[in-house]
Amino acid sequence: MSRNRRNAEPIRISGLSIIDIAEEGKGVGKADELVIFVDKAVPGDVVDVRLVKKKKNFAEAIIERLETPSEFRQDPFCSHFGTCGGCKWQHMDYDAQLRFKHKNVEAALQRLAKIDTTAMEPILGSAVNKYYRNKLEYTFSNKRWLNASDMEFEAEGREMNALGFHVPLRFDKILDIDHCYLQAEPSNKLRLSVREYALNNGLSFYDLRNHEGALRNLIIRTSSTGEVMVVVVFAYTTQEEIDGLMEHLKNTFPELTSLLYIVNQKKNDTIFDQEVITYAGRDHIFEEMPVDGLAGGVVKFKIGAKSFYQTNSEQAFELYKITKEFADFKGDELVYDLYTGAGTIANFVAGNVKQVVGIEYVPTAIEDAKFNSALNGIDNTIFYAGDMKDILTPEFITAHGKPEVVITDPPRAGMHADVVTRLLEMEAPKIVYVSCNAATQARDLALLKEKYDVVRIKPVDMFPHTQHVENVVLLKLK
């Protein structure tokens, strides 16, 4: 039976109208009662498709012919579109992207939390939608993803080393990147220079299956202040190889503020438990934002190799302004900032409140948060590291006081059920819930509705040309 399925003629559907777009970014069409998710389809397209996966109630398909293009469709600007896993929506007009992001947030809140969204505010688009990221991480691999033109060469003539991004669903295949539109220069120049040096000097690229090779990852961080950090992650290497590449970067890019390296021989790419070695310059760069309530009118943030910081600096400022506006501080509030990260929101609002108590599970992030407060002369913040559900106890609230405002900005998985329960017990007059996942935010809001009314909703686009979107919700105690 399995042999027959493999040999069966593929199912094709002609003239399929794309009527919507799913949260994961695929176009949605319907044939009879079958919902079909179509890769790289745009609402308004009419397409001929071939099914590549079929379940009882839905199927996945690819476009074989674009019969009628949508009014929202545009030519992708990146040569890597369609293979690279990033920027999946660049074939759709940016205004249309915003429209569908707004719609997806609205649908999640209505469907999962039964929230009335009639007063939902228009999504805030990103003023910059190319070269907007302040951090990129590239991967070295000796198993480059091969495209059709590569197959024209004999196997022994193909260059198999790559420095770029993972191909979707292929952990061991890396797409070699020529030009990336996500991060401003010198990002592309740095990556290409590192790649050329490695090839010319015989440095081995990492083997993701066998866990061997010298070069593993390249991390580039930039800031709105013009500072640049480069972190090279090595695996099985010699100090001579390390010094050679680092000297090349130091001499070729004298503008680098911070030049660091790590030797990571673990099976995974995480660097949070690894020693970071400073080769040249500082071990950090600085980011800053305009802010009221502080001397000098700006708040500065120290960014290290392991620091968390919103990856779209300009739009992060807009996101934090909306958060502050929703909170509507009067100046005498005690604020709890949950999932505070490096204390960016906490320090951003500190000049407008009496005190901010920040909680975060990553200890190094809390150290950054404390440093950032001291850097800015902020003395009304206090930070704690630990699991949120274990830190935020009735005893903790008794010791620090009941907050007038809670700001919560959890990871994509949302808040732990115990944290939601604690918020319901705490009964803070206001909660400002910032989320990068409308579905998990809606799940939490469905529980918080027991005691809170949702009074303001505003999506914020932090990641142009992707399906991802932030959403800010203001809740008030009933």
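# Close-up views of a predicted model

**View 1. The lining of the second largest cavity.** Three nonpolar, three polar and two charged residues make up the lining of the second largest cavity in this predicted model. The residues concerned are Asn134, Arg221, Thr222, Ser223, Ile285, Glu287, Ile303 and Tyr309, and the space that they surround has a volume of about 40 Å³. Two strands, β9 (215-222) and β13 (284-290), each contribute at least two residues to the lining of this second largest cavity.

View 2. Sorted by class, the lining of the largest cavity comprises 10 nonpolar and four polar residues, with no charged residue among them.

View 3. A disulfide is a covalent bond between the sulfur atoms of two cysteines. The structure holds zero disulfides, and for Cys87, which takes part in none, the nearest cysteine sulfur belongs to Cys180 and lies 6.4 Å away. Cys87 counts as buried because its relative accessible area is 11%, which is under the 20% limit for that class. The sulfur of Cys436 has its closest cysteine sulfur in Cys87, at 17 Å, and this distance is too far for a bond.

**View 4. The second largest pocket.** The second largest pocket holds about 530 Å³ of space and has a lining of 21 residues, those nearest its centre being Asp39, Lys40, Gly82, Lys88 and Pro168. Among the contributors to this lining, strand β5 (residues 58-68) gives the most, with three residues. The lining of the second largest pocket divides by class into nine nonpolar, six polar and six charged residues.

**View 5. Helix α11 and the cap at its N-terminal end.** Asn437 caps the N-terminal end of α11, with a side-chain oxygen placed 3.0 Å from the backbone nitrogen of Ala439. Within helix α11 (residues 438-448), the buried residues are Ala438, Thr440, Gln441, Ala442, Asp444, Leu445 and Leu448.

**View 6. His468 in the loop between β20 and β21.** His468 belongs to the loop that runs between β20 (452-460) and β21 (470-477). Although 31 residues separate His468 from Asn437 in sequence, the C-alpha atoms of the two residues are 7.7 Å apart in space. When neighbours within four places in sequence are set aside, His468 makes contact with Lys101, Arg412, Asp461 and Phe463. With a relative accessibility of 33%, His468 is classed as partly exposed, since this value falls between the 20% limit for buried residues and the 50% limit for exposed ones.

View 7. Thr408 lies in strand β18 (residues 405-408) and counts as buried because its relative accessibility is 0%. Residues up to four places away in sequence not being counted, Thr408 touches Leu338, Tyr339, Met415, Ile431, Val432, Tyr433 and Val434.

**View 8. Two tyrosines with positive phi.** Tyr339, one of the residues that Thr408 touches, has a phi near 60 degrees, a positive value in a residue other than glycine. Tyr339 is placed in the loop between β15 (334-338) and α6 (344-349), where its relative accessible area of 14% makes it buried. Tyr131 likewise is not a glycine and has a positive phi, of about 55 degrees, and its place is in the loop between α2 and β6 (135-141). Tyr131 is partly exposed, with a relative accessible area of 33%.

View 9. Pro186 is part of the loop between β8 (170-176) and α3 (187-200).

How values were computed
Residues numbered from 1 in each chain as written. Predicted model: local features only at pLDDT ≥ 70, side-chain atom pairs only at ≥ 80, totals over all residues. Heavy atoms only, no water. Nonpolar A, V, L, I, M, F, W, Y, C, P; charged D, E, K, R; others polar. 1 Å grid on protein atoms, 1.4 Å probe; cavity = no way out; pocket = protein on both sides within 12 Å on 5 of 7 lines; lining within 4 Å. Points joined across faces, edges and corners; volume = space filled by probe spheres on them. Helix = DSSP H or I, 4+ residues; strand = E, 2+ residues; numbered from the N terminus. Buried < 20%, exposed > 50% of the residue type's maximum accessible area, 1.4 Å probe, protein only. Contact = heavy atoms within 4.5 Å. Polar contact = N/O pair within 3.5 Å; in protein donor to acceptor, adjacent residues only side chain to side chain. Disulfide = S-S within 2.5 Å.
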